[in-house]
Amino acid sequence: MQGQLWESVHIKDESYVLINLDHPYVEARVRSDMDAGVAVFYDCRWGVTEVLNRWLLENLDHIRGKRVLVLGAGVGAETVVLGKYCSRVWINDLAPAAVELCAEQMDQNGLENYTTLLGSYEAIDLPEVDLVVASFLIYDAKTLKAMRTFLGNHQGDVLLVNERLKAFRQFLKIEKHTLIFDDEDGAVGIYLKRGLGFSRMRS
């Protein structure tokens, strides 16, 4: 049984509504992207994003009232957390259905302070923001190159959460960063200070 389309979930002590990724409605949208030749990575919820969400809610001073860009957002739960506390959220993904489903999820949570940005983040025009958030975007040589290209073109601060895969370990050696958490579940959170935001970042 696939259950209801919308599910009430608790992230720390807060309640949110998330779309059920196993529901036939979502599965049909995933198939539409796959049939169009789009690489699909948003059909599950990543453990590193759960760690990110807990960190965000424990460190609200770092995001409250900020303008935030979420790279490769998929249908991520981090977007609703950020949408609740940030002044504006830009949601980016390469997959059309992911962007549309994420927008529906924002609407379901009563959030209207978002803009969707479809396309490859290293190749499209992106807004200047206070903070960029990215969850599990570096996992091979191609995505490592894409992130480095993005950083070469964008000056905002970056909060990046990833598993400690080979490509990400290479990234850590290349880019100057601050480690903000190294979770026992395998999630690593780093902060790249490139602007004025997060001036009082705690390790």
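**Close-up 1. Tyr121 and Phe150, two buried aromatic residues.** In this predicted model, Tyr121 is buried, and Phe150 is buried as well. Their rings form an edge-to-face aromatic pair, with 5.7 Å from centre to centre and 85° between the planes. Tyr121 belongs to the loop between β5 (114-118) and β6 (131-135), while Phe150 belongs to helix α5, so that this pair links distant parts of the chain, 29 residues apart.

**Close-up 2. Trp55 and Phe181, a tilted aromatic pair.** The count of aromatic pairs comes to six, and one of them joins Trp55 and Phe181, whose ring centres are 6.5 Å apart and whose planes are tilted at 40°. Because Trp55 lies in helix α2 and Phe181 in strand β8, the pair ties together parts that are 126 residues apart in sequence. Trp55 is buried, with a relative accessible area of 9%, and Phe181 is buried too, with a value of 13%.

**Close-up 3. An aromatic cluster.** Here the side chains of Phe41, Trp46, Phe136 and Tyr139 are shown, and these four residues form one aromatic cluster.

Close-up 4. Side chains of opposite charge can pair when their charged atoms come close. A search of the whole structure finds seven salt bridges, among them the one between Glu58 and Lys12, in which the closest N and O atoms are 3.1 Å apart. Glu58 lies in helix α2 (residues 47-58) and Lys12 in the loop between β1 (6-11) and β2 (14-19), and therefore the pair ties together parts that are 46 residues apart in sequence. Glu58 counts as partly exposed at 47% relative accessibility, and Lys12 counts as partly exposed at 41%.

Close-up 5. The side chains of Arg148 and Glu175 meet in a salt bridge, at 3.3 Å from N to O. Since Arg148 is in helix α5 (residues 141-153) and Glu175 is in the loop between α6 (166-174) and β8 (178-182), the pair ties together parts that are 27 residues apart in sequence. Arg148 is partly exposed, with a relative accessible area of 39%, whereas Glu175, at 16% relative accessibility, counts as buried because buried means under 20%.

Close-up 6. Asp182 forms a salt bridge with Arg164, and the closest N and O atoms are 2.8 Å apart. Asp182 is in strand β8 and Arg164 in the loop between β7 (157-163) and α6, 18 residues apart. Elsewhere, Arg29, Glu100 and Glu104 are linked in a network of salt bridges.

Note on methods:
Residues numbered from 1 in each chain as written. Predicted model: local features only at pLDDT ≥ 70, side-chain atom pairs only at ≥ 80, totals over all residues. Heavy atoms only, no water. Salt bridge = Lys/Arg side-chain N within 4 Å of Asp/Glu carboxyl O. Helix = DSSP H or I, 4+ residues; strand = E, 2+ residues; numbered from the N terminus. Buried < 20%, exposed > 50% of the residue type's maximum accessible area, 1.4 Å probe, protein only. Phe/Tyr/Trp six-rings, centres within 6.5 Å; stacked < 30°, edge-to-face > 60°.
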